[in-house]
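Here are a few exercises to work through with the viewer open. Take each task on its own first, then follow the solution step by step.

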Amino acid sequence: MFFGCESGEFFCLDFSGSLKWRFRSKRAMTSSPAMGNGIVVVGSTDYNVYALDANTGWAVWKTRTQKPVVSSPALTDKAAFIGSADGSLYSLDLRSGKLLWKFDTGDQVASSPAVYKSGVYFGSVDGFVYCVDIITGKLRGKFKTDGAVISSPAVADDVVYIGSTDHKLYALTA
């Protein structure tokens, strides 16, 4: 089990609840982690996205954004997608942390992205729900709500479900 804390510590516990390893960042780690290919990816309010070896907790890489990261990552076998309070969604190479592309919304991205087919879906405090191309990061579509979109999308049967601070749940065609 992997989880972070307000203290900046990030833990891995085995199934008995015993500590397997611990990692420390400079600030809170409130992002939920995602794991793929033996790597755990998590954001931190110290402006960094960390990739940790799932077995040892050693930092494989870290990539700095311009503001805190509270969004949780979505992973494919090649990339990590994560939002930042700097208003951008980042696509990072899963092995190296190298920036593949960055999509700017103009306002905070606290929403955790969802990957579906060839798109990455997420919301922004600017009130839009976005879909960007998974490879290029180019805008494929956006939908305006009447409030900030800080919730995270769920996708099922070609429909993207996402809530807004306008107190509405939206069902958008993927």
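**Exercise 1.** How many residues lie between β12 and β13 in their hairpin, and which residue in the turn has a positive phi?

*Solution.* Keep in mind that this is a predicted model.
- Step 1: Find β12 at residues 114-116; its pairing with β13 is antiparallel and runs over 3 bridges.
- Step 2: Now inspect the turn. The hairpin leaves 2 residues between the strands, and Lys-117 is the one with a positive phi, about 50 degrees.

**Exercise 2.** Follow the chain onward and describe how β13 pairs with β14.

*Solution.* 
- Step 1: These two strands are also antiparallel, with 5 bridges.

**Exercise 3.** Are the residues of strand β13 buried or exposed?

*Solution.* 
- Step 1: Apply the cut-off for buried, under 20% relative accessible area.
- Step 2: Check one side of β13, where Gly-119, Tyr-121 and Gly-123 are buried, then the other, where Val-120 and Phe-122 are buried too.
- Step 3: That makes 5 of the 5 residues of β13 (residues 119-123) buried, so the strand is largely enclosed by the rest of the structure.

**Exercise 4.** Which elements give two or more residues to the lining of the largest pocket?

*Solution.* 
- Step 1: Locate the pocket, whose volume is about 170 Å³.
- Step 2: Select its lining, which includes Tyr-121, Val-129, Tyr-130, Lys-142, Phe-143 and Leu-172.
- Step 3: Sort the lining by element: β14 (128-133), β15 (139-144) and β18 (169-173) each give two or more residues. The largest share is that of β15, with 4 residues.
- Step 4: Sort by class, and you get 8 nonpolar, 2 polar and 2 charged residues.

**Exercise 5.** Which residues form one aromatic cluster, and which charged ends sit over the ring of Phe-128?

*Solution.* 
- Step 1: The cluster consists of Phe-103, Phe-122, Phe-128 and Tyr-130.
- Step 2: Over the ring of Phe-128 lies the charged end of Lys-142, 4.4 Å from the ring centre.
- Step 3: The charged end of Lys-144 also sits over that ring, 5.0 Å from its centre.

**Exercise 6.** What is the geometry of the aromatic pair formed by Phe-23 and Tyr-50?

*Solution.* 
- Step 1: The structure holds 10 aromatic pairs. In this one the centres are 5.1 Å apart and the planes make an angle of 65 degrees, giving an edge-to-face pair.
- Step 2: Phe-23 belongs to β3 (residues 19-24) and Tyr-50 to β6 (residues 48-53), so the pair ties together parts 27 residues apart in sequence.
- Step 3: Both Phe-23 and Tyr-50 are buried.

Definitions and conventions: Residues are numbered from 1 along each chain as its sequence is written. This is a predicted model: local features need pLDDT of at least 70, side-chain atom pairs count only at pLDDT 80 or more; totals for chains, interfaces and linings use all residues. Side-chain values use heavy atoms; hydrogens and water are left out. On a 1 Å grid over the protein atoms alone, a cavity is a set of points where a 1.4 Å probe fits but cannot get out, and a pocket is an open set with protein on both sides within 12 Å along at least five of seven lines; lining residues have an atom within 4 Å of a point. Grid points are joined across faces, edges and corners, and a volume is the space filled by probe spheres set on the points. Ala, Val, Leu, Ile, Met, Phe, Trp, Tyr, Cys and Pro count as nonpolar, Asp, Glu, Lys and Arg as charged, and the others, Gly among them, as polar. Buried means under 20% relative accessible area, exposed over 50%, partly exposed in between (1.4 Å probe, protein chains only). Two strands pair if DSSP finds at least two bridges between them. Rings of Phe, Tyr and Trp (its six-membered ring) pair if their centres lie within 6.5 Å; planes under 30 degrees apart count as stacked, over 60 as edge-to-face and the rest as tilted. A charge sits over a ring if NZ of Lys or CZ of Arg is within 6 Å of the ring centre and within 35 degrees of the ring normal.
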